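This report describes selected features of one protein model, from its surface to its strand pairing.

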Amino acid sequence: MAFGQVEVRLDADDPNVLEILRSDYRHMLGRGETTPTLSIQIHRVAGGWTGEDSTGERTERDTARGAVRWARQRVLEHLILAHPGLLWLHGGAVGHEGRAMLVIGRRGMGKSTLVSALCGRGASYLSDDII
């Protein structure tokens with residue numbers, strides 16, 4: 001996936017996990033023409049999941065959902081650090097028919113729940129934490 005000049009490579013040995021990540025970032029898929037500035041790999045292991053990125057950050061998670069959440073957080077952290085001149089907000093966002101909708105509210109108000117529900121109705125996932 002790519003955002004400006006930043007490219008991130010996501011890989012998983014489980015096709016379901018890989019499809020979730022590709023779906024999450026389908027609007028940002030890069031052409032793979034540049035060397036990624038960050039690579040993230042998720043692997044299924046006995047008793048759970050492991051994640052590792054090219055900076056040496058590692059995690060162990062009990063569920064695929066936990067591993068995907070970790071990968072999403074690593075992508076966001078990398079993008080924020082790579083683009084310090086942008087304004088980053090705590091909120092959710094989805095895309096639909098070439099438009100984006102931002103969901104902003106206080107903690108615990110259901111932003112992620114609304115983003116998830118909208119994605120279930122065909123919207124594209126953009127974020128459920130930082131926009």
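## Surface patch, helix and strands

Leu-87, Leu-89, Leu-102 and Ile-104 make up a nonpolar surface patch with about 420 Å² of accessible area together. Such patches join nonpolar side chains within 5 Å, from residues with over 30% relative accessible area and no salt bridge; areas follow the Shrake-Rupley method with a 1.4 Å probe, and a salt bridge sets a side-chain nitrogen of Lys or Arg within 4 Å of a carboxyl oxygen of Asp or Glu. The model is predicted: local features need pLDDT of at least 70, and side-chain atom pairs count only at pLDDT 80 or more. Residues are numbered from 1 along each chain, and side-chain values use heavy atoms, without hydrogens and water.

Helix α2 (residues 64–82) spans 27 Å between its first and last C-alpha, close to the 27 Å expected at 1.5 Å a residue. Its buried residues (under 20% relative accessible area) include Trp-70, Arg-72, Leu-76 and His-78.

Ser-127, in strand β8 (residues 124–127), counts as buried because its relative accessibility is 2%. Beyond neighbours within four places in sequence, its contacts include Leu-76 and Val-115, with heavy atoms within 4.5 Å.

Two strand pairings, each with at least two DSSP bridges, are tabulated below.

| Strands | Sense | Bridges |
|---|---|---|
| β2 (residues 6–12) and β3 (residues 38–45) | parallel | five bridges |
| β3 and β4 (residues 48–53) | antiparallel | six bridges |

Ala-12 stands opposite Ile-42 in β3, while Arg-44 has Trp-49 in β4 as its bridge partner. In the β3–β4 hairpin, with two residues between the strands, Gly-47 adopts a positive phi near 85°.

Methods: Patch = residues over 30% accessible without salt bridge, like charges linked within 9 Å, V, L, I, M, F, W, Y side chains within 5 Å. Helix = DSSP H or I, 4+ residues; strand = E, 2+ residues; numbered from the N terminus. Expected span 1.5 Å × (residues − 1). Buried < 20%, exposed > 50% of the residue type's maximum accessible area, 1.4 Å probe, protein only.
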